[in-house]
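Please look over the sequence and the model before reading on. The notes below are meant to be read beside them.

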Amino acid sequence: LDGDGGDAVRDREHAMSLLRTVMEGGCEQAAYTLGRMLAFGDFGHPASDKPLGVRYLTTAAEKGLSEARHSLGVCFLEGIGVSKDPEQAVAWLRKAADANHIPSLHRLVHHYYSEYSEKHVKALEDEAVGFLRKAGQLGSSTALYWLARMVLSSPPVAPSDQADALLLLCRAKEAGCEAAGRALVRFGMKEEELFVAPEPSLLR
């Protein structure tokens, strides 16, 4: 579907026509793809009808597709094709997060930390940490890294907590987080020294 020029435009229009046909047959994945094309400009298609894209995403989200629920949450957070509505956004993101959709967990962490930084309500921070921990349990390298940073940036750090944080950094590095690797180098730790606990306490 990507590309420029007349042929590419015709190909995209043909693809959209096929997707509409499949969507009308009840395929939520087709509705999601059309929604992304129209609301977000995926596959090189101009985001030419964002409200219609949101309707397609809603169709897919109501059928339980986590990716659509995430995209719909983003639409309500950022006002893409709809008026901004944080409550609706969080509701859709939570539904996706309940199905272990890691990008939705990340988005909820960002949302609740932003709310906490403005309102300084402890419950908001607790929500953010809860979603961050769940993303870490699912193997998100980003979440593992930030869980470690959270521990190490709250002095005084007990030796057991430091070991826990370094183990989190090891796991983040193994999952592909370069920042975690750099942090381990700064601590001068050998990874084989850290695998003494079956699981970091923050992930239990």
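Predicted model: local features only at pLDDT ≥ 70, side-chain atom pairs only at ≥ 80, totals over all residues.

Residues are numbered from 1 along each chain as its sequence is written, and side-chain values use heavy atoms, with hydrogens and water left out.

The chain has 10 helices and zero strands, where helices (H or I, at least four residues) and strands (E, at least two) are DSSP runs numbered from the N terminus. Read from the N terminus, the order of elements is α-α-α-α-α-α-α-α-α-α. Of its 204 residues, 41% count as buried; buried means under 20% relative accessible area, exposed over 50%, and partly exposed in between, with a 1.4 Å probe and protein chains only. Among the contacts in the chain with a separation of 6 or more, 46% come from residues 24 or more positions apart, a contact being heavy atoms within 4.5 Å.

Axes here are lines fitted to C-alpha atoms, for helices over the stretch in contact, and angles run from 0 to 180 degrees between N-to-C directions. The crossing of α4 and α5 is left-handed, meaning that the near helix is turned anticlockwise from the far one by less than a right angle, with clockwise giving right-handed. On the α4 side the contact includes His70, Gly73 and Phe76, and on the α5 side it includes Trp92, Leu93 and Ala96. By class, this contact has eight nonpolar, four polar and two charged residues. Ala, Val, Leu, Ile, Met, Phe, Trp, Tyr, Cys and Pro count as nonpolar, Asp, Glu, Lys and Arg as charged, and the others, Gly among them, as polar.

A second pair is made by helix α8 (residues 141-152) and helix α9 (residues 159-174), which pack at an angle of about 160 degrees with their axes 8 Å apart. These helices are therefore roughly antiparallel to each other, and the crossing of α8 and α9 is left-handed. Among the residues in contact are Leu144, Leu147 and Val151 of α8 and Ala165, Leu168 and Leu169 of α9. The residues of this contact divide into 10 nonpolar, two polar and two charged.

Ser104 counts as buried because its relative accessibility is 0%. Leaving aside neighbours within four places in sequence, Ser104 is in contact with His70, Leu93, Ala96 and Ala97. The side chain of Glu115 is joined to that of Lys119 by a polar contact of 2.8 Å. Such a contact is a pair of N or O atoms within 3.5 Å; within protein, one must be able to donate a hydrogen and the other to accept it, and residues adjacent in sequence count only if both atoms are side-chain atoms. Not counting residues up to four places away in sequence, Glu115 touches His120 and Leu124.

Glu127 lies in helix α7 (residues 122-137). Because its relative accessibility is 31%, Glu127 counts as partly exposed. Apart from neighbours within four places in sequence, Glu127 is in contact with Arg94 and Tyr112. The C-alpha atoms of Glu127 and Leu108 are separated by 8.5 Å, and the two residues are 19 residues apart along the chain.

Conventions:
Parallel < 35°, antiparallel > 145°, perpendicular 65-115°, else oblique.
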